[in-house]
Amino acid sequence: MARGTATTYMHTGTGEMCYEMNKALTVPETFPIYLSSAYIFDSIEPMDKICDEGAPGYAYFRLGNPNADAASRILAAGDGTETGLVFSSGMAAITTSLLAVLRPGDHVLASPVLYGETFYFLKHELSKWGVETTFIDFDTQKPEDYIKPNTKVIYGETIANPLMSVPDLGHLAEVAHANGALLFIDNTFATSIVAKPAKFGADLVLYSATKYLGGHDDIVGGAALGSKKLIDTIRFYLGLYGGNLGATESWLLARSLRTLPLRVQKMSQNGLALAKFFEQHPKVEKVYYPGLDSSPSKELADKQFEGNGYGGMLSVNFKGGMELIDKLIANLKLVHFVPTLAGTCTTLTYPPKASHRDLSADELAAIGIMYGQIRLSSGLEDTDDLLNDFDQALAKL
Amino acid sequence: MSLSVMRHPDFDRTKYGPSTVNIHAGELRDAYGALVPPIYQTSTFYFDSTDDAVKACDDYAKSFAYSRITNPSNDYFEKKIAAAEHGLGAVSYASGMGAVAGAIFMSVRAGDHALFCKAKYSGTEDITRDFLPRFGVEVGDFDPQDLDTLEEGIKDNTKLIYVESPANPTMVMADIAAISAIAHKHGIKVGVDNTFATPYNTNPLDLGADWVVQSVTKYIGGHGDLLGGAVISNDEGFLRDCRLGTLMHFGAVMAPQIAFLATRGLKTLTVRMKQYNANALQIAQYLEQHPKIDIVRYPFLPSNPQYELAKQQMRGGGGMLSFDVKGGLEAGKTFINHLRLCTLAVSLGDTETLVEQAAAMTHTMIPREVREAAGITDGMIRMSVGLEDPEDIIADLEQALATV
């Protein structure tokens, strides 16, 4: 029977065309974008096979999408984990993963020097659900002294935001595993190019993919990488809480990851050059960067890092307060105040008013954040251009 | 022409290195302060009054009225590629061939004569053999390795000299400064396809070229996921002609989404090119010493007869090379069919390594005798070296060559 006009427009060239494409002699060199929210089933049987038995294929976007899987696969391969998941933001990755493994009555051991919203979530949100967090300084306090029988997660960052301190990952993993707890490590500042926490025993490697992984300031995303068993547990909660990364975003993320090694190596070179420049500048009080000989974290960094530098993140304390920082921002020509990091251009942020604005003055002081401090994310510019920009901006102060 | 509000209104590209230029030139300040400008997915633009509309439509090239002429996303990309190529401006196209055809059409008319380098991309070759003669343009060619053939080829009505450097797929280079000097002595314009070299390795406009074309699909986009082209020049009148004469009429317009992706590619061009230069040189050296390889063509090999020119005109040798496996076409096929990591595909400038047999794939439309005259042998394998670890590429070549 001839199809009506409307039916023709509904049914021609739609998903059914994929059957034809499956018979094509060539495959696309780059992975297509699968915007489809759902998939066609020829019968009921494949539904059971896909949903219950893990057969290849997809059913519904929230439960799985080829672009999300492509991005996850690259990330897991890079970090050396079995598998992974991508999320609609770094916070979705962090909170979904924590909620997947924690129950009321559980305990978390964490560094207080964390991304501001992670700290807030642990301290103020999880506590509402009966999960208590003890914050200890991983540099000076021993985790084995604070772990409890009900500790389920030890949580830290490879390079802690914003003071760029590096914890002993192997020791944290040992303490966690000896007590049946999991080690969650946010590897956003390092990326697998600088460090691979899974090598040292981290059970879950977390990312804000918005940063280095996306790398072009144009996507918001997150990732969690680990064993198949742990990821499958988290996958269930991703489906439940729905913080899925869109297909276009996943595709852009996969695109970005092709240049991750090149970008991170160049940003590390620029990061070290900037750190050395600031360290010898008379208007600077202190520079926090794990690649500096003066950094208390250098030894651990050298032990744990991959030999591709120390990343592109550094914090600089100036001899002055908010007023000085405001003038510095106004004087800079290339570098802008942008509350994010790890894009192609070098950016500057002001933690007391950006990443850590939810913290009280006391909480800020406790973790060493000063009002004369900026945090820098070195970009891909020519090194001399960056040094010249800061040199002229500082000369005018 | 400045259609958008610039973030660095006084940005002077001559004061910065190539990476900084690609990242910072042409940055826009939008109404919300977005660090990355939005994708202007709009076909048209509204006006507050008929007066404004008349003003805009009076000169389509100077305002946003309709996306076939220009669009803010394209404008943003054009400012960046112009800065990268050391030009005053640029016009973006739907494909590299859109740009090549557009720039050629705006350079010659019926009764004129144009000279092209012998070896070139087959699409461009088709324009010279088919399209131009049909519309009354006389076409000749010359060997860029022997500039006497250029001088001999010039006629009173020659209006354009067009070269690729390095040429696709022979890797023959054109001495752009010398060719431009000869051309300008005769009042002839010079167009250069800078796709293989990229603006990181060569800046033809600095060497005297009047305009440059890029297949943005290749190194500029850099990820094998878009189709685009651009014409870049210091001659604003020529660019205006390209925009109004070719985009307006032939309509090979770059889509705003593509302009966004192309700009995204441009921001990592420098880090990518440095790696391509290093990887390709290493692979060229490996192939050159391999007993099963007949000849390797790569600008930065000392054995290249144009090595001195390459050193002078290019920052690095680029990511493209071509070679012949001993045993010709059949040996080449065996080799290609055994590659595991390197991908058999046309196109180039992707993050992954691509190989192809020019005579059988990209240059198959060109008659055999023309191919051979241009130095394209039947067994020639063209390789677009990727960003993989070079040891992995070499290991793949090694195992595939072992089967030949």
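Author: Let's start with A:Asp382, which sits in the loop between β12 (373-377) and α16 (383-395) of chain A. Helices (H or I, at least four residues) and strands (E, at least two) are DSSP runs, numbered from the N terminus. This is a predicted model, where local features need pLDDT of at least 70, side-chain atom pairs count only at pLDDT 80 or more, and totals for chains, interfaces and linings use all residues. Residues are numbered from 1 along each chain as its sequence is written, chains are lettered from A and ligands numbered from 1 in the order in which they are written, and side-chain values use heavy atoms, with hydrogens and water left out.

Reader: What makes A:Asp382 buried or exposed?
Author: Its relative accessible area is 15%. Buried means under 20% relative accessible area, exposed over 50%, and partly exposed in between (1.4 Å probe, protein chains only), so A:Asp382 counts as buried.

Reader: Which residues is A:Asp382 in contact with, leaving aside its neighbours within four places in sequence?
Author: They are B:Gly17, B:Pro18, B:Ser19 and B:Thr20, where contact means heavy atoms within 4.5 Å. As for A:Asn270, 112 residues apart from A:Asp382 along the chain, the two C-alpha atoms are separated by 8.1 Å.

Reader: How do you know how α12(A) and α16(A) are oriented to each other?
Author: The axes of helix α12 (residues 260-279) of chain A and α16(A) come within 10 Å and cross at roughly 30°. Axes here are lines fitted to C-alpha atoms, for helices over the stretch in contact, and angles run from 0 to 180 degrees between N-to-C directions. Angles under 35 degrees count as roughly parallel, over 145 as roughly antiparallel, 65 to 115 as roughly perpendicular and the rest as oblique, so α12(A) and α16(A) are roughly parallel. Among the residues that meet are A:Asn270 and A:Phe277 in α12(A), with A:Leu387 and A:Phe390 in α16(A).

Reader: And what about α11(B) and α15(B), roughly parallel or roughly antiparallel?
Author: Helix α11 (residues 269-288) and helix α15 (residues 390-401) of chain B have axes that come within 10 Å and cross at roughly 30°, so this pair is roughly parallel too. On the α11(B) side the contact includes B:Ile283 and B:Tyr286, and on the α15(B) side B:Ile394 and B:Leu397.

Reader: Where is A:His216, and what makes it buried or exposed?
Author: A:His216 is in the loop between β6 and β7 of chain A. With a relative accessible area of 2%, A:His216 is buried. Beyond its neighbours within four places in sequence, A:His216 is in contact with residues of both chains, including A:Ser256, A:Arg263, B:Val36 and B:Arg264.

Reader: How do you know that α10(A) has the span expected of a helix?
Author: Helix α10 (residues 228-241) of chain A has 14 residues and reaches 20 Å from its first C-alpha to its last. The expected span is 1.5 Å times one less than the number of residues, and α10(A) is close to the 20 Å that this gives. Its buried residues, among them A:Leu230, A:Ile234 and A:Leu238, pack against β1 (83-87), α5 (90-101), β5 (182-186), β6 (204-208) and β7 (222-226) of chain A. After α10(A) comes A:Gly242, with a positive phi near 75°.

Reader: Why is the pair B:Lys159 and B:Asp112 called a salt bridge?
Author: A salt bridge is a side-chain nitrogen of Lys or Arg within 4 Å of a carboxyl oxygen of Asp or Glu. B:Lys159 and B:Asp112 meet at 3.3 Å, N to O, so the pair qualifies. B:Lys159 lies in strand β4 (residues 158-164) and B:Asp112 in the loop between α4 (96-105) and β2 (113-117) of chain B, so the pair ties together parts that are 47 residues apart in sequence. B:Lys159 is partly exposed at 35% relative accessibility, while B:Asp112 is buried at 9%.

Reader: What makes B:Asp130 and B:Arg134 a salt bridge?
Author: Their closest N and O atoms are 3.3 Å apart. Both lie in helix α5 (residues 122-134) of chain B, 4 residues apart, about one turn of the helix. B:Asp130 is partly exposed at 41%, and B:Arg134 is exposed at 56%.

Reader: How many salt bridges are there over all chains?
Author: The rule gives 31.
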